[in-house]
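This briefing covers cavities, surface patches, salt bridges and backbone geometry. Please keep the sequence and the coordinates open while reading.

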Amino acid sequence: MGLFRPARTVTGPSGDYWEIYLSKTALPAWKEGRSGGVDLTGNPRIDLLMLPVAVLGVLWSQLVLPLLRFSVLLPVAVLRGRRSRAVRIEAVNNFPAREVLLWTTTEGFVDGVLDEIVAGLAAGKVVQPVAAVYSGRESA
Amino acid sequence: MAIGSWLRGDVPVSRFAPARERCTVTSDVVEALPRGPARSAAWASYALVTYGDKLLAAGKDDGYVDGDTARVAASAYELAARCLEADAPIPGGLPPWSAGTRSVHQLRGMRDALDALRTFLAVDLGPAPLAAADAHRAKAGSLWIARPTAELRGGIAGALVAGLDAVYALGVASSAREPRRAPRA
């Protein structure tokens, strides 16, 4: 069971290609902060001086802060996943737009649930296996 | 007094004693009645009391239950007592939960109530009419693990609510009339 290698791949009847990932860890969401905008004064010299401040603000809120948050939450998520017998099954389709389907099941039923999901996607259906909870579709 | 429970606004189980005392129907009382409206009302009352009892029994060990459990249990006892009044309508179902994810304690109470009511009906009617409820119970069982995630708790709660609704409705209907017997070959 790995985060970066699909457990199965399947192609649907309309040619959509799905990669199925199994994981015990729900990765923390990447949450970007609000970058405080710099108000222009109308004075070109002062505005030019404020440019580095604006760039630093964007870097802080869009990259550094989310990365810090992610780094703190990731070990907690991994630890929680290792202690749990819950298994997340994510079906990912990257074309034409990224689409993610999420199911949650338990260790004892993962193979059967995976078989049902793969058979369903091969037939162009999103199935809801008895031994799993389907959480829905996430598009980006 | 458990300070944590008090700070969370939990309710002591002992507070339900007066409401529980008004509900006098047991499984023996239901069994003793002939099928008809009185038995149907008695079944509804017994099912509601069982639901309230199991929810309270599955609470935390400190003698407190959370606010949502308290609301559902209180509603169950109130409906159970009202069932026994003359010409009172039989409630259409068990009291609903508020939106949100159920706790493990709440799920345990729901599961225990489903098992108790299912057992009564299995003795009364045999296993065949319970197929739908059993399917929901099996789904809940397949998702049940120690420390279930929020998604799993949502799935378990959905299955248990469907199972409880099925046994409650079956009990009300089968108490009102003689069950159909399979024709002899």
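The model is predicted. A nonpolar surface patch is made up of residues of chain A.

- Rolling a probe the size of a water molecule over the atoms shows where empty space is left.
- The volume of the largest cavity is about 50 Å³.
- Its lining consists of B:L55, B:A58, B:G59, B:K60, B:Y64, B:V65, B:D66, B:T69, B:H105 and B:Q106.
- Two elements of chain B, β2 (64–65) and α6 (104–125), each contribute at least two residues to the lining of the largest cavity.
- By residue class, the lining of the largest cavity comprises 4 nonpolar, 4 polar and 2 charged residues.

**Nonpolar surface patch**

- On the surface, A:W30, A:L48, A:L51, A:V55, A:L56, A:L59, A:W60, A:L63, A:V64, A:L65, A:L67 and A:L68 form a nonpolar patch.
- Together, the residues of this patch have about 1,200 Å² of accessible area.
- One of the patch residues, A:L68, sits in helix α1 (residues 44–83) of chain A.
- A:L68 counts as partly exposed because its relative accessibility is 48%, and partly exposed covers the range between the 20% limit for buried and the 50% limit for exposed.

**Salt bridges**

- B:R8 and B:D10 are joined by a salt bridge between their side chains, with an N to O distance of 3.4 Å.
- B:R20 is partly exposed at 29% relative accessibility, and B:D53 is partly exposed at 26%.
- B:E78 makes a salt bridge with B:R82, and their closest N and O atoms are 2.5 Å apart.
- Both B:E78 and B:R82 are in helix α5 (residues 67–83) of chain B, where a separation of 4 residues is about one turn of the helix.
- B:E78 has a relative accessible area of 41% and is partly exposed; B:R82, at 39% relative accessibility, is also partly exposed.
- B:R35, B:R39 and B:D124 are joined into one network by salt bridges that share partners.

**Backbone geometry**

- Most residues other than glycine have a negative phi, and most peptide bonds are trans.
- The peptide bond from A:F95 to A:P96 is cis, with omega near 5°.
- A:P96 is located in the loop between β3 (86–93) and β4 (99–106) of chain A.
- B:D87, a residue other than glycine, has a positive phi, near 60°.
- B:D87 lies in the loop between α5 and α6 of chain B and is exposed, with a relative accessible area of 82%.
- B:R147 is not a glycine either, and its phi is positive at about 50°.
- The position of B:R147 is in the loop between α7 (131–143) and α8 (150–176) of chain B.

**Distances between residues**

- A:F4 is in the segment before β1 (8–11) of chain A and counts as exposed, at 76% relative accessibility.
- A:F4 and A:Y21 are 17 residues apart along the chain, and 7.7 Å separates their C-alpha atoms.
- B:V11 is part of strand β1 (residues 11–12) of chain B and counts as buried, with 13% relative accessibility.
- The C-alpha atoms of B:V11 and B:A86 are 32 Å apart, for a separation of 75 residues along the chain.

Definitions and conventions
Residues are numbered from 1 along each chain as its sequence is written. Chains are lettered from A and ligands numbered from 1 in the order in which they are written. This is a predicted model: local features need pLDDT of at least 70, side-chain atom pairs count only at pLDDT 80 or more; totals for chains, interfaces and linings use all residues. Side-chain values use heavy atoms; hydrogens and water are left out. On a 1 Å grid over the protein atoms alone, a cavity is a set of points where a 1.4 Å probe fits but cannot get out, and a pocket is an open set with protein on both sides within 12 Å along at least five of seven lines; lining residues have an atom within 4 Å of a point. Grid points are joined across faces, edges and corners, and a volume is the space filled by probe spheres set on the points. Ala, Val, Leu, Ile, Met, Phe, Trp, Tyr, Cys and Pro count as nonpolar, Asp, Glu, Lys and Arg as charged, and the others, Gly among them, as polar. Patches are made of residues with over 30% relative accessible area and no salt bridge: like charges are joined within 9 Å, nonpolar side chains (Val, Leu, Ile, Met, Phe, Trp, Tyr) within 5 Å. Accessible areas come from the Shrake-Rupley method with a 1.4 Å probe; for residues, only the protein chains shown count as cover. A salt bridge is a side-chain nitrogen of Lys or Arg within 4 Å of a carboxyl oxygen of Asp or Glu. Buried means under 20% relative accessible area, exposed over 50%, partly exposed in between (1.4 Å probe, protein chains only).
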